[in-house]
Amino acid sequence: MIITILIFILVSITCFISTLPFLIPYQILLTSQSKKIDYKLSIEHIVIVYIFVYYFTGVLSFTGIPSIRDIVHNSFGVITPKGLNIPLDEINLIPFYWITEGVRPYIENILLFIPLGFFLPFIWKKYEVLWKTALSGITFSLIIELSQLFNRRITDIDDLLMNTLGALIGWVIFRLLKEHLSKLRDKVSVQSTNTEKIPLLLREEACFYMVSAFSGMFFVYYPFLKSLNFVYYPFLRSLF
């Protein structure tokens, strides 16, 4: 049990580390642009967005997106001279098609996106508008599902629906706890604004963090760092 927990911690930390080549340059640019408008990002804000990125890499690790190596080397034989070779049985467009096989996958997909629906309005006040949180949930779930066309995983409308439902539940939880979290939120949140004076990097900060997480997993973790997982287990076994 201890080894399993330690492996999970090491793998999740490795996933987060894979985002740093994208996260650090973005953070430098963001800080620079924020100073130009005399807007200082609090330490609490930086900490909570790093937790957000850590969570999002966990989502990508759980769902299993392909890597740049898979695409370049055509590891799964998806790309052919005649176009994409995607078997129809790897795409499900019928809602609740798998429900007779058990509800566990549905519950897992809901739980997976609840933190997303909570984090977005908690950190960025513009996501207090329900449709913006819902749109973010469905957009990034769709990106994950479409990317799975290239690594022979099932691209499933059920996953898309349950992920979106999870984001909505997370938003509802935030609304219920909003008053209790007001003091902490004032320290970490970014005010909503539509003014053109606010730099794009700050205005769309949430999207840039999610893109950084996706890029880290796609370009760094899966092609290069995932192999470390096969090192962790024998190493920890030697210690216990």
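## Helix packing and salt bridges in a predicted model

At 37% relative accessibility, leucine 177 counts as partly exposed. This residue of the predicted model lies in helix α7. Leucine 177 and phenylalanine 122 are 55 residues apart along the chain, and their C-alpha atoms are separated by 9.9 Å.

**Salt bridges**

The whole structure contains six salt bridges. Side chains of opposite charge can pair when their charged atoms come close.

| Pair | Closest N to O distance |
|---|---|
| Lysine 126 and glutamate 204 | 3.2 Å |
| Glutamate 128 and lysine 178 | 2.9 Å |

Through shared partners, salt bridges join Glu128, Arg175, Lys178 and Arg185 into one network.

Glutamate 128 also forms a salt bridge with lysine 178. Here too distant parts of the chain are linked, since lysine 178 is in the loop between α7 (157-177) and α8, and the two residues are 50 residues apart. Lysine 178 is partly exposed, with a relative accessible area of 22%.

Lysine 126 forms a salt bridge with glutamate 204. This pair connects the loop between α5 and α6, which holds lysine 126, to the loop between α9 (200-203) and α10, which holds glutamate 204, over a separation of 78 residues. The relative accessible area of lysine 126 is 16%, and the residue is buried; glutamate 204, at 26%, counts as partly exposed.

Helix α3 covers residues 43-63. At 1.5 Å a residue, its 21 residues should span 30 Å, and the end C-alpha atoms are 31 Å apart, in agreement with that expectation. Which residues of α3 are buried? They are His45, Ile48, Val49, Phe52, Val53, Tyr55, Phe56, Thr57, Val59, Leu60 and Thr63. An α-helix has 3.6 residues a turn, so residues three or four places apart point the same way. The cover over the buried residues of α3 includes α1 (2-17), α2 (20-36), α5 (104-123), α6 (130-147), α8 (182-188) and α10 (205-225). Just after α3, glycine 64 adopts a positive phi of about 75 degrees.

**Packing of α1 against α10**

Two packed helices are described by the angle between their axes and the distance between the axes. For α1 and α10, the axes come within 9 Å and cross at roughly 135 degrees. This angle makes α1 oblique to α10. In the contact, Val11, Thr14 and Cys15 of α1 meet Met217, Tyr221 and Leu225 of α10. The contact residues comprise five nonpolar, one polar and no charged.

Phenylalanine 96 has a phi near 60 degrees, a positive value in a residue other than glycine. Phenylalanine 96 lies in the loop between β3 (91-92) and α5, and is partly exposed, with a relative accessible area of 44%. Arginine 152, although not a glycine, likewise has a positive phi, of about 65 degrees. Its position is in the loop between α6 and β4 (155-156), and at 27% relative accessibility arginine 152 counts as partly exposed.

Notes:
Residues are numbered from 1 along each chain as its sequence is written. This is a predicted model: local features need pLDDT of at least 70, side-chain atom pairs count only at pLDDT 80 or more; totals for chains, interfaces and linings use all residues. Side-chain values use heavy atoms; hydrogens and water are left out. Helices (H or I, at least four residues) and strands (E, at least two) are DSSP runs, numbered from the N terminus. The expected span of a helix is 1.5 Å times one less than its number of residues. Buried means under 20% relative accessible area, exposed over 50%, partly exposed in between (1.4 Å probe, protein chains only). Contact means heavy atoms within 4.5 Å. Axes are lines fitted to C-alpha atoms, for helices over the stretch in contact, and angles run from 0 to 180 degrees between N-to-C directions. Angles under 35 degrees count as roughly parallel, over 145 as roughly antiparallel, 65 to 115 as roughly perpendicular and the rest as oblique. Ala, Val, Leu, Ile, Met, Phe, Trp, Tyr, Cys and Pro count as nonpolar, Asp, Glu, Lys and Arg as charged, and the others, Gly among them, as polar. A salt bridge is a side-chain nitrogen of Lys or Arg within 4 Å of a carboxyl oxygen of Asp or Glu.
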